[in-house]
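Good morning, and thank you for making time for this item. I would ask you to have the sequence and the coordinates open while I speak.

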Protein chains: 2
Amino acid sequence: MVQKEERRRGRPRSFDEGEVLEKARAVFWNLGYAATSLDDLARATGLNRPSLYGAFGDKHALYLAALTRTRDEALASLGAALSTEAPLKAVLTGLYGRAGAVYRAGDAGPRGCFIIGTAVTQALDDPEARAVTAGFLAEMDRLFRERFERSAGELAKGLAPETAAPMASAALHTLAIRARAGADEAEMAAVAKAAVAALCG
Amino acid sequence: MVQKEERRRGRPRSFDEGEVLEKARAVFWNLGYAATSLDDLARATGLNRPSLYGAFGDKHALYLAALTRTRDEALASLGAALSTEAPLKAVLTGLYGRAGAVYRAGDAGPRGCFIIGTAVTQALDDPEARAVTAGFLAEMDRLFRERFERSAGELAKGLAPETAAPMASAALHTLAIRARAGADEAEMAAVAKAAVAALCG
DNA sequence: TGATATTCGTACCGTCTCGCACAAAATTGG
DNA sequence: CCAATTTTGTGCGAGACGGTACGAATATCA
């Protein structure tokens with residue numbers, strides 16, 4: 001049974017935590033961690049700084065919350081896409097196409113992948129961001145590898161699952177980078193097609 | 001004939017512009033553009049802020065100088081590596097191995113590629129950084145493609161030069177990302193090996 | 001209704017930020 | 001030796017930064 005959240009004692013919150021986190025993430029996504037100020041976040045979420053602070057802790061904690069949430073959502077989405085039992089070529093084509101569309105979206109220009117576009121920069125000086133990033137990359141490799149093991153016959157000749165997996169991840173990485181650098185739809189499609197060709201022959 | 005730099009009128013500079021640029025780049029490389037302060041740069045270079053300002057302009061101009069210099073150096077190095085006429089497999093293996101070593105170096109931890117690790121984040125809000133990044137990516141693709149066209153027979157069966165090129169670039173991108181996320185030498189080697197396998201069969 | 005608990009909004013603190021003004025220092029030209 | 005020119009270093013100033021104290025507001029509990 002679903003545990004109904006019991007009413008707490010004091011003044012109720014005037015915002016939804018999830019929505020706020022999403023709006024905050026959008027700002028981090030556009031500007032990166034370091035270039036985002038608490039004022040930017042307050043403006044975007046509609047909250048003022050003390051409320052933000054009370055709900056999530058300081059700026060770094062808020063960023064980490066957005067980061068881990070993104071990691072979970074992205075991996076869930078990737079896992080779902082890879083669990084469909086269509087031909088591998090079709091699965092990958094659809095997957096890369098949808099990823100490219102996400103990477104090219106954004107209110108302030110195409111913004112790539114949140115983790116690759118912001119956490120990688122942050123990773124050197126921020127052990128927690130680095131850990132999330134490393135876990136994200138490893139899990140991505142694992143999901144690809146497991147799918148490739150289930151349909152190894154559809155890989156390009158001579159390509160083992162554990163060899164194809166990091167290259168399948170690499171295709172997503174390069175799409176994320178190229179999108180943020182301003183690649184147009186044609187280039188994104190060409191890269192996606194090249195990845196499928198290299199992986200499936 | 002080499003134009004001897006004639007002595008200028010006033011007080012001579014007490015520093016070498018190239019060395020300063022290199023030290024400044026190291027700071028940007030570790031922290032990213034936004035998280036780097038002029039004080040950080042002054043401390044690392046030994047100059048004080050007004051000298052830095054006088055020689056390069058503001059923080060953004062200094063970053064762009066470091067960025068374009070890195071682009072030029074990296075592309076020259078890649079071009080040189082790809083112009084050796086050894087077997088393609090050997091060329092790529094050596095190239096990815098050396099790139100991985102560079103990406104794993106750094107006084108404050110493995111720092112990846114300067115452009116991918118800092119300019120990609122910056123790209124969304126900074127048209128000049130985005131332009132340098134986009135040019136870097138395009139030129140990289142071009143260098144790979146031209147080399148592949150010269151030795152198309154060594155590519156994996158069914159892989160065209162213009163298809164293999166973006167994936168060869170993607171391998172460098174993923175190496176840069178993984179290094180900054182803390183990948184150990186074994187993972188870097190495995191990814192490099194996987195890239196060669198996917199490209200050369 | 002009154003006590004308690006939680007959140008909200010203003011207002012503020014100390015610190016750091018970038019960029020520059022200004023005078024001293026160091027060199028060349030005459 | 002003096003004028004002209006350029007760099008150097010101190011030091012400042014206006015503003016942005018992250019973070020918090022505190023009282024008002026809004027809810028539940030008894």
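Let me begin with a question: how many residues does helix α1 of chain B have, and what distance does the helix reach from its first C-alpha to its last? Please bear in mind throughout that we are looking at a predicted model. Helix α1(B), residues 17–31, has 15 residues and reaches 21 Å between those end atoms, close to the 21 Å expected at 1.5 Å a residue.

Several positions of this helix are buried, namely B:V20, B:A24, B:R25, B:V27, B:F28, B:W29, B:N30 and B:L31. The cover over the buried residues of α1(B) includes α2, α4 (59–83) and α6 (114–123) of chain B. Just after α1(B) comes B:G32, with a positive phi of about 90 degrees.

I turn now to the overall fold, taking chain A. Its secondary structure amounts to nine helices and zero strands. The C-alpha trace of chain A spans about 65 × 45 × 30 Å along its principal axes. Of its 201 residues, 46% count as buried. Among contacts in chain A with a separation of 6 or more, 64% are accounted for by residues 24 or more positions apart.

Does the length of α7(A) agree or disagree with its residue count? At 1.5 Å a residue, its 24 residues should span 34 Å, and the end C-alpha atoms are 35 Å apart, which agrees. The buried residues of α7(A) are A:A129, A:V132, A:T133, A:F136, A:L137, A:M140, A:D141, A:L143, A:F144, A:R147 and A:F148. Covering them are elements that include α4 (59–83), α6 and α8 of chain A, together with α8 (161–180) of chain B.

One residue ties these elements together. A:I115 has its place in helix α6 of chain A. Why does A:I115 count as buried? The reason is that A:I115 has 24 C-beta neighbours inside 10 Å, and the threshold for a buried residue is 20 or more. Beyond its neighbours within four places in sequence, A:I115 is in contact with A:L67, A:T70, A:R71, A:T133 and A:F136. By contrast, A:I115 lies 35 Å from A:R11, C-alpha to C-alpha, at a sequence distance of 104 residues.

That brings me to the pairing of the two chains. In all, 43 residues of chain A are in contact with 43 residues of chain B. On the side of chain A that touches chain B, at least two residues each come from α1 (17–31), α6 (114–123), α7 (127–150), α8 (161–180) and α9 (185–200) of chain A. Helix α8(A) gives the most, with 11 residues. By class, this side has 24 nonpolar, 14 polar and five charged residues.

How are the copies related? A rotation of 180 degrees, with 0.0 Å of shift along its axis, superposes chain A on chain B with an RMSD of 0.0 Å. The two copies are therefore related as by a two-fold rotation axis. Furthermore, 100% of the interface residues of chain A are also interface residues in chain B, so the copies meet through the same surface.

Which residues touch the most other members of the largest nonpolar core? Of its 129 residues, they are A:L175, A:L199, B:L175 and B:L199. Leaving aside neighbours within four places in sequence, B:L199 is in contact with B:L92, B:L155, B:A156, B:A164, B:M167 and B:A168.

Finally, the DNA. The surface near DNA strand C draws at least two residues each from α3 (49–56) of chain A and from α2 (38–45) and α3 (49–56) of chain B. Of these, α3(A) gives the most, with four residues. The classes there are six nonpolar, seven polar and 12 charged.

DNA strand D is likewise surrounded by 25 residues, and the closest are A:R11, A:S37, A:D58, B:G10 and B:R11. Two or more residues each are given by α2 (38–45) and α3 of chain A and by α3 of chain B. The largest share, four residues, comes from α3(B). Here too the residues divide into six nonpolar, seven polar and 12 charged.

Thank you for your attention.

Definitions and conventions: Residues numbered from 1 in each chain as written. Chains lettered and ligands numbered in written order. Predicted model: local features only at pLDDT ≥ 70, side-chain atom pairs only at ≥ 80, totals over all residues. Contact = placed C-beta atoms within 7 Å. Nonpolar A, V, L, I, M, F, W, Y, C, P; charged D, E, K, R; others polar. Expected span 1.5 Å × (residues − 1). Buried ≥ 20, exposed ≤ 12 C-beta atoms within 10 Å, placed from the backbone. Least-squares fit on C-alpha atoms with pLDDT ≥ 70 in both. Near = placed C-beta within 6 Å. Core = buried A, V, L, I, M, F, W, Y, C linked by C-beta atoms within 7 Å.
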